[in-house]
Amino acid sequence: MRTLFLIRHAKSSWEHPGIRDFDRPLNERGLYEAPLMAQILVKEGIRPDLLVSSTAKRAWSTALVFAGAFGIKDDQVQRELDIYEAEPMDILRLISQLPDSTQTVFLFGHNMTMTDVANRFSAQEIANVPTCGIVCIESAVDSWTAFDESNASVKKVFFPKNSL
């Protein structure tokens, strides 16, 4: 079983209008919600084999909060520059290149891409993956190269407003 968790970064700050989008940090709400959302997955008994994150500050910070909740060292979180401003096909390509030694992967990124990718695997439209929203997609395939819309589907969603 291959399980992919698409995780949109937690709420970021717009407090400093001169800061580059890439460098925006988490705001107070993001710093509050990220650990709570990570704990939901811990309580579900989920254990990631790999965390892959956009290198944008808000996504990276969210990934590190989740890593800490699972006792994973920061340097074990894989940085992936191409997730920032990625198109859905870029994310699908990244998924197909995940190591087959992993069964459960957390992928931290941005909207609208996270919503668009989630909808490729969902029977019902997801209007928006909110900040710190989590979409769980499962497939019985043996390899990530085979993981696609024909054999994988959304099994659960965890959105802060519904989960906290």
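Contact means that heavy atoms lie within 4.5 Å, and helices (H or I, at least four residues) and strands (E, at least two) are DSSP runs numbered from the N terminus. The model described here is predicted, and local features need pLDDT of at least 70, side-chain atom pairs count only at pLDDT 80 or more, while totals for chains, interfaces and linings use all residues. Residues are numbered from 1 along each chain as its sequence is written, and side-chain values use heavy atoms, with hydrogens and water left out.

The protein contains five helices and six strands, which follow one another along the sequence in the pattern β-α-β-α-β-α-β-α-β-β-α. Its radius of gyration (taken over C-alpha atoms) is 15 Å, close to the 15 Å that the globule rule gives for 164 residues, so the protein is as compact as a globular protein of that length; the globule rule is 2.2 Å times the number of residues to the power 0.38. Taken along the principal axes, the box filled by the C-alpha atoms is roughly 45 × 30 × 30 Å. Among contacts between residues at least 6 apart in sequence, 74% join residues at least 24 apart.

The accessible surface, computed by the Shrake-Rupley method with a 1.4 Å probe, where for residues only the protein chains shown count as cover, comes to about 8,200 Å², and 48% of this surface belongs to carbon and sulfur atoms. Of the 164 residues, 50% count as buried, where buried means under 20% relative accessible area, exposed over 50% and partly exposed in between (1.4 Å probe, protein chains only). In helix H4 the buried residues are Thr113, Met114, Thr115, Val117 and Ala118, and these pack against strand E1 (2-8), helix H3 (88-96), strand E4 (104-109), E5 and E6.

Aromatic rings were treated as paired if the centres of Phe, Tyr or Trp rings (for Trp, the six-membered ring) lie within 6.5 Å, with planes under 30 degrees apart counted as stacked, over 60 as edge-to-face and the rest as tilted. By this rule the count comes to eight aromatic pairs. In one of them, the ring centres of phenylalanine 106 and phenylalanine 108 are 6.4 Å apart and the planes stand at 70°, so the pair is edge-to-face; both phenylalanine 106 and phenylalanine 108 are buried. The rings of phenylalanine 121 and phenylalanine 147 have centres 5.7 Å apart and planes at 50°, so this pair is tilted. Phenylalanine 121 lies in the loop between helix H4 (113-120) and strand E5 (134-139), and phenylalanine 147 in the loop between E5 and strand E6 (152-158), so the pair ties together parts that are 26 residues apart in sequence. Phenylalanine 121 is buried at a relative accessible area of 4%, and phenylalanine 147 is buried at 6%. Ring pairs also link Phe5, Phe66, Phe70, Phe106 and Phe108 into a cluster.

Charged side chains were also found over rings, a placement that requires NZ of Lys or CZ of Arg to be within 6 Å of the ring centre and within 35 degrees of the ring normal. The charged end of arginine 24 sits over the ring of tryptophan 14, 3.7 Å from its centre, and arginine 79 lies over the face of tryptophan 60, 3.8 Å from the ring centre.

The structure holds zero disulfides, a disulfide being a pair of cysteine sulfur atoms within 2.5 Å. Cysteine 132 is in no disulfide, and the nearest cysteine sulfur, that of cysteine 136, is 15 Å away. Cysteine 132 is buried, with a relative accessible area of 0%, and cysteine 136 counts as buried at 3% relative accessibility.
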